[in-house]
Structure formats: C-alpha cells, structure tokens
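Me: I would like to go through this protein with you, starting with its charged contacts. Could you show it first?

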Amino acid sequence: MRIYLVGGAVRDKLLGRPEGDRDYVVTDAHPDDLLALGYRPVGKDFPVFLHPQTGEEYALARTERKSGHGYHGFLFQADPSVTLEQDLARRDLTINAIAQDEDGTLIDPYGGTRDIEARVLRHVSPAFAEDPVRLLRVARFAARFAPLGFRVADETMALLRHMVAEGEVDHLVPERVWAETRKALNELQPSAFLRVLREAGALRILFPEVDALYGVPQRAEFHPEIDTGVHVEMVLDAAAAIAPGDDLVGFCALTHDLGKALTPADELPRHVMHEQRGVAPLRTLAARLKVPAEHATLAELVCREHLNAHRALELKPATVLKLLAVLDALRRPERLETFLAACLADKRGRLGHEHDDYPQATYLRQAREAAAAVTAAPFVAQGLAGPAIGVAMEQARVAAIAKMKLCNI
C-alpha cells in the first residue's frame, strides 16, 4: 500500500499559498486493508475513508468512465490494479493532477508544475469534457488565480466551447451551479468567473439575466466604463476587496443592475427605474438557482434601494428612516452593513472611481444609531398606548435623524 498527497494541497504549496484540506490517494490496496487499519468508510460512489486520527480523506486510486449525461453519469473502478497515473488522469486541471509521495517527491505526469510556472489553467485530458461541472470549476479557479496572472489555455477554452455546443452544460442541476457560483463569489477576482463563462458561451445559458447586460450602454459621466456588463465585473471585484470572502455581498453586487438590460432602447443610455425593473429578473435567477433566502432578500433590497443609498445625503430624514425600516436595519444592523458594502462596491465599480470615498455609508450608520436610540419607554411613561406609541416613536426618530444631520453639517 502506498499513500500520496494529491490535489490542492500540493498545488498551493507550489504556489506558496496556505494549504487547505489535505487529500490523499492510496494505491495497491483493497478497502479491507484500510478498514483493518481503523479507517472509517464514507464514500458511496467510490471508496473514500477517513483517517482514524486526523480525520483527513483517503481515497483508493480509481478510474472513471462516462456512462450518461451530466456529472452523475460515470462508472468507477477502484482496485489495486489502478495506478497513481491513472487516478491523476481523471482530474480536471494539470495543476490539480500533481501528487507527492511520503518522501516529498513530486509525481507530475501531466505537466502541472510547468503550468504553475507558466500561470496556465489547462485540462489534463479530453475526458475533461465528460463532466460539465468542470466548466464551472475552471471559471472558479480563474477567479481564484487571476490575481496571480493565470489564464485559461487556448485549447482548454476551445474544449469549454465544445462542451457548451454539445449541450453538456444543459445537464447541470441548479444546486451545483449555485454551489460553484457561491465559491467563485468568495474568490479574489470574481469577474474572471463571468469572463470565462461568457467566452465559453455558457453565461447566456446559466446566467442569461447577467449575460444580457453586456453591450448595454450607460451614461459616460456616471459610468466611464460605459458597458453595463463591464460595470458589473468591476462591482464584483470591488465587493471582493471590500468584503473578502463574503458571497452574500458578492451576490448583491452580481445582481444589483439586472434592470438595465430591460431599459427601452429609446431611453438609452439613461436607465430610469432600472431599480424596479431589476426585481423580476433577479427573482427569476434566484428561484432558478435555488439561492438561500437571505441572499435573495438582500439582493432584492440592494437592487431596489441602491440609488437611495447613493442619494442618502440629499434625502429627507423621514425618507432615510423609511429606508432603514425597509432594510430592517434597526433590528438587524448586520443587514445595513451588507447593504452598504454592496452600495460602496457599486460606487467604486466604475472606471477611475476605484478608491472613491462613500460618506453616505457613515451618514446612514449614524442615522441608524440616532433612530435606534429612540425607545418606547418615555412614551409609555407619558401615558400613550397602542398605535399612538408607534406614531410618536416614528416622529421622534425622524427628529433625531434631522438633529444628527444638522449637527454634522
């Protein structure tokens, strides 16, 4: 029995990145051999075991053969005759097909170290095209490694286009699309995820609401980048910088301007009421991908209200209070923070505005604090009851916001 460290742990060590989960491949072994050593089985489709002490995953070397459409249509073979090279051959990218033995020696039959040095994402073999999830994974790895200068190899991009043309992407289930998208939104440069999908022709299939934004013009004085699709890419990357690893903010950034694709041609490049128009396609996208309820709710709030955030300093105190109420910010201040992070990303996701200040965020936080300081107790002490308390509290909160604003001026 021989044991090898494989996949991301080896890749990240070569890249000088912190190592994540450590996965191992075991060759020249039967399942009974691992069971006898105290390993606990967890795999259903193929033999995977947990180490009795560390809990790390150990998988028997295996091969896989396409037997149907989608990513479930595979037959697996795992027995002592399967070699390490055969196991590595079934992996997606060469940079993920490197193994390291117990002495630290690298086994790299498919040139993964070469591609790490060249900063290239390249498929291992033509079998890559048999699993449509791999298209999403390449796009996600592009989002992770684009800041390091990685690009998708030309032949791999050609293969991705072929997969789309052959209809493999049509067999992706919504849960898997969302799982990979969510991971991409947590990466350093999520715009690369969109660009790879779009270049492969998959964005129009998986995210038609987002794909429709490309080529839609905006007013140059507000959006020097002009193209709405480019703007969304920039907002995504701004969100990743403002709230690293926060896919909730990322999803709000991704969907905040969907209404601009629905602006009548005779109104362009203005986008009057795009906030309201964007709600329907956002709901369609969220329902199709089965995104979590909080993601769908916050994204809709950002879609509808982001222009009010940008205009916050010009709004009447009563309108500010209404905005805070819509966000449920008095009870859930974390919602306000998510909202403001997405709005700041929208502000900075414009050519030449990447480092703009956003005093609106400070103002809305202060307005929330002023409004939250108003409680029911004084009005109860005055003898008010029922709806009268609510009316009095609302008036007091508006006054508190007005006073706070006046003091800051």
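**Salt bridges and other features**

Me: How many salt bridges does the count come to?

Reply: This is a predicted model, and the count in it comes to 32 salt bridges.

Me: Let us take glutamate 155. Which side chain does it meet in a salt bridge?

Reply: The side chain of glutamate 155 meets that of arginine 122, at 2.3 Å from N to O. Glutamate 155 belongs to helix H6 (residues 154-165), while arginine 122 sits in the loop between strand S10 (120-121) and helix H5 (133-145), so the pair ties together parts that are 33 residues apart in sequence.

Me: And is glutamate 155 buried or partly exposed?

Reply: Glutamate 155 counts as partly exposed, because its relative accessibility is 39%.

Me: What about arginine 288, which residue is its salt-bridge partner?

Reply: Arginine 288 pairs with glutamate 209, and their closest N and O atoms are 2.8 Å apart. This pair links distant parts of the chain, with arginine 288 in helix H14 (residues 279-289) and glutamate 209 in helix H10 (residues 208-211), 79 residues apart.

Me: How do arginine 288 and glutamate 209 count, buried or partly exposed?

Reply: Arginine 288 is partly exposed, with a relative accessible area of 30%. Glutamate 209 counts as buried, at 11% relative accessibility.

Me: Now lysine 260. Where is its salt-bridge partner?

Reply: The partner is aspartate 257, with the closest N and O atoms 3.1 Å apart. Lysine 260 is buried at a relative accessible area of 5%, and aspartate 257 is buried as well, at 1%.

Me: Which residues do salt bridges with shared partners join into one network?

Reply: Arg114, Asp115, Arg122 and Glu155 are joined in that way.

Me: Changing topic: how many disulfides does the count come to?

Reply: The count comes to zero disulfides.

Me: Where does glutamate 305 lie?

Reply: Glutamate 305 lies in helix H15, which covers residues 293-310. With a relative accessible area of 12%, glutamate 305 is buried.

Me: Which residues does glutamate 305 touch?

Reply: Leaving aside residues up to four places away in sequence, glutamate 305 touches Leu323, Val326 and Phe339.

Me: Let us step back to the whole protein. What does its secondary structure come to?

Reply: The protein has 20 helices and 11 strands. Its C-alpha trace spans about 85 × 55 × 35 Å along the principal axes.

Me: What share of the residues counts as buried, and what is the accessible surface?

Reply: Of the 409 residues, 50% count as buried. The accessible surface comes to about 18,600 Å², and 53% of that belongs to carbon and sulfur atoms.

Me: What share of contacts joins residues at least 24 apart?

Reply: That share is 65%, among contacts between residues at least 6 apart in sequence.

Me: Finally, how far apart are the mean positions of the positive and negative charges?

Reply: The mean positions of the 49 positive and 58 negative charges are 6 Å apart.

Technical notes: Residues are numbered from 1 along each chain as its sequence is written. This is a predicted model: local features need pLDDT of at least 70, side-chain atom pairs count only at pLDDT 80 or more; totals for chains, interfaces and linings use all residues. Side-chain values use heavy atoms; hydrogens and water are left out. Helices (H or I, at least four residues) and strands (E, at least two) are DSSP runs, numbered from the N terminus. Buried means under 20% relative accessible area, exposed over 50%, partly exposed in between (1.4 Å probe, protein chains only). Contact means heavy atoms within 4.5 Å. Accessible areas come from the Shrake-Rupley method with a 1.4 Å probe; for residues, only the protein chains shown count as cover. Lys and Arg count as positive and Asp and Glu as negative; His and the chain ends are not counted. The place of a charge is taken as NZ of Lys, CZ of Arg, CG of Asp or CD of Glu. A disulfide is a pair of cysteine sulfur atoms within 2.5 Å. A salt bridge is a side-chain nitrogen of Lys or Arg within 4 Å of a carboxyl oxygen of Asp or Glu.
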